[in-house]
Amino acid sequence: MEKEEIKKEIATLKNELLSSRKNTFTSLESDELDAAYDYAKGYMSFLDAGKTERECVAQARKMLEKEGFKPYTFGMKVSAGEKYYYDNRAKSFVAFVVGSESLENGVYFAASHIDSPRIDLKQHPLYENENIGYFKTHYYGGIKKYQWTTIPLALHGTVTKKDGECVDIVIGEDMSDPVFYISDLLPHLAREQMKKTLGDGITGEQLNLIAGTRPYGDSDEKDAVKLNIIKLLNEKYGIVEDDFLSAEISAVPAFNSRDVGLDRSLIASYGHDDRVCAYPSLTAIAEMDSPKHTVMAILSDKEEIGSAGNTGMQSRIYFDIIEALAKNMNVSDAVVRANSKCLSSDVNAAFDPNFPEPMEKNNCCYINNGVVITKYTGSGGKSGSNDASAEFCGYIRKVLDEAGVIWQTGELGKVDAGGGGTVAKYIASNNVDVIDLGVPVISMHAPYEVVSKTDVYMTHKAIKAFFEA
Ligand code: MN
Ligand code: MN
């Protein structure tokens, strides 16, 4: 063969036989890229108004009520094309649209989580030390503690008072509000601290929020600063110190989402994990008018602490609903589950050129390479992972390709570099086909995480294509 011909043949064979990474900016048409930037605006407002699972549920309700979704109650008779939501204790949420096909063909659902790492107040939080009033905290989820010092923090939560009345608290989001603050040591005097590991430099019991310094009546009585703080809370919310016992109050970053980079291709925000998958699930199900299959979006709680509790993915509620629907339509719930398919929609760690060490470059995911499919998570030999089947991986791949979705595969770091899990295994144990699919994130679990606008949009398109398949 001529040299020129061989060159040509290699090019053809490479194209046919070898896989290559796709970048959203070089692969998508400009109208799609515009759509991605536009879609990000809605997502960013969702982030700014939803910094706790409760606030996300409230937003989900509002979004879907506008689209004609109605509250579902157990025992309800439902029919094709009808749209429902189930609000589970204001902390987790299920939305579904009844399909035209028999429920026995399975429910197609996307499950994401709306809780994010944060700093929770303890049940006896308030104390005074050297005339500074503090809230003691217990962090929630996997955090690098030092990252939560010296940043503005806002308090979000719900308090149930002695008489049973509940009040919602938000302090620190309005620009005229005060914020809360965790201190760190000045570098000049940090010689000993700087010798410690990153994990030990700031301890859990040091994550104390400064809540005030002015004593009540400007008096020098003992604990007058503490008294003044509770007095101010009492004036605004009518609460007393004992009410902290029946409260869920969290400190979250007081800053809002922003575009990152001169080209505005990225979004920085608190709580991308996993609102960046919850929001696309909502926008995708909002666009379902008369799906073939029954489609469902689950927004679960407590993923960051093991999906436990009655609002976590291990709660029976999600499959209770599927069971109730099956019963109502006189079909076998076991058959429904056996034929169901699920996207466990959660984030994965994007390759970060600043921190290449824990990644294996052939198998990790990349910013702007589209939605990421993760076959397995876990740690130490895939332990604790769902590990999706070849058949189901093949199925999803075909659905995404046919819908023109830019996608990539990913794994959570090098073998034995660490690891983590998602809600996938808790769904799979109900005999459902599940695969992880979501958005690559830079600085996951930091107070300010980063994602790509085009990846978020591809996730919306992927979930929608899955619902429509
Ligand atoms: Mn997550
Ligand atoms: Mn997480």
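**Sheet, metal site and pockets**

Biologist: How many bridges join strand β6 to β9, and which way do they run?
Modeller: Three bridges join β6, residues 132-140, to β9, and the two strands run antiparallel. Keep in mind that this is a predicted model.

Biologist: Which residue in β9 is the bridge partner of F135?
Modeller: L209 in β9 is the partner of F135.

Biologist: What is the order of strands in that sheet?
Modeller: The sheet is open and has six strands, in the order β8-β7-β10-β5-β6-β9. The pairing is antiparallel. From one strand to the next, the twist averages 30°.

Biologist: Which strands stand at the edges?
Modeller: Those are β8 (166-171) and β9 (209-212). Each has a single partner strand, so one side of each lacks a neighbour in the sheet.

Biologist: Stay with β8. How many bridges join β7 to β8?
Modeller: Six bridges join β7, residues 153-160, to β8, and the strands run antiparallel. In one of the pairs, H156 has V170 in β8 as its bridge partner.

Biologist: What do β7 and β8 form, and how many residues lie between them?
Modeller: They form a hairpin, with five residues between the strands. G164 sits in the turn and has a positive phi of about 95°.

Biologist: New topic, metals. Which residues coordinate the manganese ion (ligand 2)?
Modeller: D273 gives an OD atom, E304 gives two OE atoms and H445 gives NE2. The distances are 2.0 to 2.6 Å. The donor residues are spaced D-x30-E-x140-H in sequence.

Biologist: Where do D273 and H445 sit in the chain?
Modeller: D273 is in helix α7, residues 272-286. H445 is in the loop between β19 (440-441) and β20 (449-452). The pair is 172 residues apart, so the link is between distant parts of the chain.

Biologist: Are D273 and H445 buried or exposed, and why?
Modeller: D273 has a relative accessible area of 3%, so D273 is buried. H445 comes out at 17%, and H445 also counts as buried because the cut-off is under 20%.

Biologist: What does D273 bridge?
Modeller: D273 bridges the manganese ion (ligand 2) and the manganese ion (ligand 1). The two ions lie 3.3 Å apart.

Biologist: What volume has the second largest pocket?
Modeller: About 680 Å³. It is lined by 19 residues, and S19, S20, R21, K22 and W407 lie nearest the centre.

Biologist: Which elements give two or more residues to the lining of the second largest pocket?
Modeller: α1 (3-17), α10 (390-402) and β17 (407-409) do. The largest share is three residues, from β17.

Biologist: How do the lining residues of the second largest pocket divide by class?
Modeller: Six are nonpolar, seven polar and six charged.

How values were computed: Residues numbered from 1 in each chain as written. Chains lettered and ligands numbered in written order. Predicted model: local features only at pLDDT ≥ 70, side-chain atom pairs only at ≥ 80, totals over all residues. Heavy atoms only, no water. 1 Å grid on protein atoms, 1.4 Å probe; cavity = no way out; pocket = protein on both sides within 12 Å on 5 of 7 lines; lining within 4 Å. Points joined across faces, edges and corners; volume = space filled by probe spheres on them. Helix = DSSP H or I, 4+ residues; strand = E, 2+ residues; numbered from the N terminus. Nonpolar A, V, L, I, M, F, W, Y, C, P; charged D, E, K, R; others polar. Donors = N, O, S within 2.8 Å, 3.2 Å for Na, K, Ca; no water. Buried < 20%, exposed > 50% of the residue type's maximum accessible area, 1.4 Å probe, protein only. Pairing = 2+ DSSP bridges. Axes fitted to C-alpha atoms, helices over the stretch in contact; angles between N-to-C directions.
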